[in-house]
Amino acid sequence: MGCGVTKGGEFHKRYDKDGNIISVRISAVTKAIRAAVLIQRWYRQYVARMELRRRYTWNIFQSIEYAGQQDQIKLYNFLGYLVDNFTPSSNERNLISHIFRENEVCRDIEWERFFDYRHIEVPDIYSGPRLTFPLNADQAADLVEAFRSKQQLHSRYVLQLLGETWKLLRVLPNINRISTCHSKEITICGDLHGQLEDLLLIFYKNGMPSMEKAYVFNGDFVDRGKDSIEILLILFAFLLVYPGEVHLNRGNHEDHIINLRYGFTKEVLGKYKMHGKRILKLLQKIFSWLPLATVIDQKVLIVHGGISDTTDLALVARVDRHKYVSSLRPPKRRISHSVRASVDSDMDEDLVGSKYSILNRRRASLTYARPFPARESFQHRSLQDFSSTVARTMEEELEIRRRQAAMTRPGYSMSCRNLNTSMLSPSSSDSLDAFENVQNEWKQILDLLWSDPMIPDGCVPNEVRGGGCYWGPNVTEEFLNKHSMQLIIRSHECKQDGYEFCHNRKVLTIFSASNYYEVGSNRGAFVRLGPDLVPYFIQYQANSMTREMSVRQSLRRTEHSALKVLREQLFAHKSDLMSAFQQHDKENTGLISLSDWGSAMSQVLHLDLPWRMLRSQLITTTTDDMLDYHNWFRNLAIKEKSYEHIEQTLLDTLYKHRSTLETIFRIVDTDNSGFISFEDFRQTWKLLNAYLKMEISEESINDLVVSIDTNKDGNIDIDEFMESFRLVDKNMLERGKSLFMRRSEEYDGPQDETTNQPPQTPTNKEGGFLAPP
Amino acid sequence: WQNDSVQKKIRSAFDVFDHEQNQTVDVREIGTIIRSLGRFPTEAELHDVIAEIEEEEPAGFIRFEKFLPTMSRILMENKLRPVPEDLLLQAFEVLDQQKKGHLDPEELSRYLTQEGDPFSQEEMEEMLSAALDPEKNLIFYRDFVSMMTADEPW
């Protein structure tokens, strides 16, 4: 073997006596070339098929992630609506109103008291780092080491560190302006999402921050991963030690409302049982004080999300950024409360009037009028749609109460008369201007933190996320020209290779959380910029196991995970899916076509996924291309341990909305104990009921409450409750596994036996091989 | 109705790569999409298809309304046909002149990076990572062929 291969070959044709070709012998060289071409074509085909699988696996994770974010926004708006429309004495309102209250502590002096750590004693037995301020580089390094060894920083030092951080952040501008001349290179990192392993890997590969090593961390330090607080503490520590070299940008997850759903709140409360609540409150403040963007050499903009066609850096530089505590809530406009003297019909008017004004205000938040026709699936979830139906429910509720009140207690109708409804009628044109100003500033910030780039030109609202926009290459071009810049570096989106260019290499996405969706799903990366402003990338993947896995194995594993997550979604929507299936099965045969199955899935789940492609992964047995859907669902059931006697629809509902339920729980659990009382649970349930417009009887709720209070002390353990709704049916997982075992055998092949295989007998099929394509 | 099912197939594959759900995909993904629909274009054939469906002012993206008719035609007329699996095995056997049942990575690389539609260095490394038996440093192509030709869910 090993003969040189050159282009060209020799054709030896044989002719019969009439000059017709009777056979053609082609030289070995030509054959070899053709063989190579064939192998290339096949291999590229194979790679494409794998890429397709990888891509839809990704889509599954991403769709579910973004749908969750949308849910969060809707929930928040719903709760806001309740707060604005219930009487002040209402139980439900009290339960949740605290998240809408402005931080009561306004003045700096009061805040310093809140940050006061001095009374907190550190026991001798504590073996973690003991910080002394001002911090120095050694202490910061020690902190990193301590966290690597899984130690936890004592709350006294946490509070002290946060206090110092706040003092520093307050004096920083909205836009950090830095230069490469001081420290030769600047390193920029993207989303970390609580994955400490990745930060440690970055420091290992690149060195820790120092006078010579400048860093920019581009937001989303917290949520989803399990070490968010440790990452924050490390970043803040280095910020304090090297304020000129370390720069932090705010991300959309540096937001206490988002944190309620995505794990950071839970993590802090779990790790800091006594002072967790205080720590969270201080972090609320600190997040609002994080700078919004960083500019290098006046030429490179670094921002977490991106830009829009209205982004104006001069305006951004001027805003009071700390007023915008959460992306989901613009600063409240001062509203005048009026007392209504008359009842009934007047109140209806008031309610109606206020309903529209509330709707107007809500409409101005996050999703706004779009010139682009919305995708069909999203239309079902439009905020306007939702608000009006909720309003009716609230009206009905109040109507019922009014009637009850009129019949029972004469005093009650008085309080109804005093119903405060938030009025939005502007008292003067000035306040309207101020209001619009605030809305405009808020939009600027939202765009910076939530936007994503898109391929075509233009700028449209980002409905997938529910905030910010999608911006196109022409917007990038205009923006860069207007500000005399050459590159936008942003994060916010997970990329398989850790980074990705778009818009003609004028926009760079950098993402530093490896294995974000699943072990093996993606690499993380960071980028270095020198004075030439040419980006230099380093990629990595935490977890040594992933480095040894082949691409195929990685893909298989990620796919398995995605399908598991998808199955959870299916189960969560079981009753809706059943109805949809039954609509396609008017004759009640119990069977539907695969194509109808696809339509039903699309329609119910509102997830834009390639159902045709996924159906072979989700459906295993069909008879004549028809699916027995009852049977299919039986295989998706979860086993609830002690809830057999509880109504199935109730359990289905709980499962479906478990994220929302958990979020509401955490809001209701004001002392952050991890427990809520029966009464609070009932109230929570009513909230959820109203939100979902469901009809679940009090009796069912009572049954449920009794059965989940396992230690009979009148309190419900939130974590335990949520845990029991994990999709843990062994049968199903077993089956799912065997599905994958089968596939994996096909892909791995009998590798272990190859050594014993006898050499292949040569086959002589020249003719077939040379057949024209 | 055959045509309808063909259209749905094309739509499904296209949608997977349509990130902003606005009926466009990056032009660099077209090759992947066409191949994932079971077609085996050569690089030249791929360029021809792209030239046919590109925007007048090439803007880096391809619109579904242009992709659909071209792709439908390709599928209905069975163009860019798959090469039968047994020919793939034969191709390897042709390169394995001494019929050892395996190939050296160096010689395979030489063929694949220099002849036909040459592989890039990256493609070659990727293929070797999947095809190479790390202990023996050889490519047992029969197994590799089985892997590549395994029945996909589609």
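This is a predicted model: local features need pLDDT of at least 70, side-chain atom pairs count only at pLDDT 80 or more; totals for chains, interfaces and linings use all residues.
Biologist: Let's start with chain A. What makes up its secondary structure?

Modeller: Chain A has 30 helices and 20 strands. Of its 773 residues, 57% are buried. Among its contacts between residues at least 6 apart in sequence, 75% join residues at least 24 apart.

Biologist: Why is an area quoted for an interface?

Modeller: Because the size of an interface is often given as the accessible area lost when the parts come together.

Biologist: Why is the pair Glu43(B) and Arg44(A) called a salt bridge?

Modeller: The closest N and O atoms of Glu43(B) and Arg44(A) are 3.8 Å apart. The cut-off is 4 Å between a side-chain nitrogen of Lys or Arg and a carboxyl oxygen of Asp or Glu, so the pair qualifies. The count between chain A and chain B is three salt bridges. There are also 15 residue pairs in polar contact between chain A and chain B, both residues being at pLDDT 80 or more.

Biologist: Let me pick a residue from helix 1 of chain A, where Asn59(A) lies. What makes Asn59(A) count as buried?

Modeller: Its relative accessibility is 10%. Buried means under 20%, so Asn59(A) belongs in that class. Setting aside neighbours within four places in sequence, Asn59(A) is in contact with Leu609(A), Asp15(B) and Val16(B).

Biologist: How do you know whether Thr622(A) is buried, partly exposed or exposed?

Modeller: Thr622(A) has a relative accessibility of 35%. Thr622(A) sits in the loop between helix 22 and strand 18 (626-628) of chain A. Ile592(A) is 30 residues away along the chain, and the C-alpha atoms of Thr622(A) and Ile592(A) are separated by 9.8 Å.

Biologist: Over to chain B. Why is helix 5 (residues 85-95) of chain B described as largely enclosed?

Modeller: Because nine of the 11 residues of helix 5 of chain B are buried. Among them are Leu87(B), Phe92(B) and Glu93(B).

Biologist: Back in chain A, how do you know that strand 14 (residues 507-510) is covered on both faces?

Modeller: Val507(A) and Thr509(A) on one side, and Leu508(A) and Ile510(A) on the other, are all buried.

Biologist: What makes strands 12 and 13 of chain A partners of strand 14 of chain A?

Modeller: Pairing needs at least two bridges. Strand 12 (residues 487-490) of chain A has three bridges to strand 14 of chain A, in the parallel sense, and strand 13 (residues 499-502) of chain A has four, in the antiparallel sense, so both qualify. Ile488(A) stands opposite Val507(A), Tyr499(A) is opposite Ile510(A), and Phe501(A) has Leu508(A) as its bridge partner. Strands 13 and 14 of chain A form a hairpin with four residues between them, and His503(A) in the turn has a positive phi of about 50°.

Biologist: Last one: what makes strands 9 and 10 of chain A edge strands?

Modeller: Strand 9 (452-453) and strand 10 (459-461) of chain A each pair on one side only. They belong to an open sheet of three strands in the order 9-11-10, with mixed pairing. Strand 9 of chain A runs parallel to strand 11 (residues 469-471) of chain A, and two bridges join them. Asp452(A) has Tyr470(A) as its bridge partner in strand 11 of chain A.

Notes. Residues are numbered from 1 along each chain as its sequence is written. Chains are lettered from A and ligands numbered from 1 in the order in which they are written. Side-chain values use heavy atoms; hydrogens and water are left out. A polar contact is a pair of N or O atoms within 3.5 Å; within protein, one must be able to donate a hydrogen and the other to accept it, and residues adjacent in sequence count only if both atoms are side-chain atoms. Buried means under 20% relative accessible area, exposed over 50%, partly exposed in between (1.4 Å probe, protein chains only). Contact means heavy atoms within 4.5 Å.
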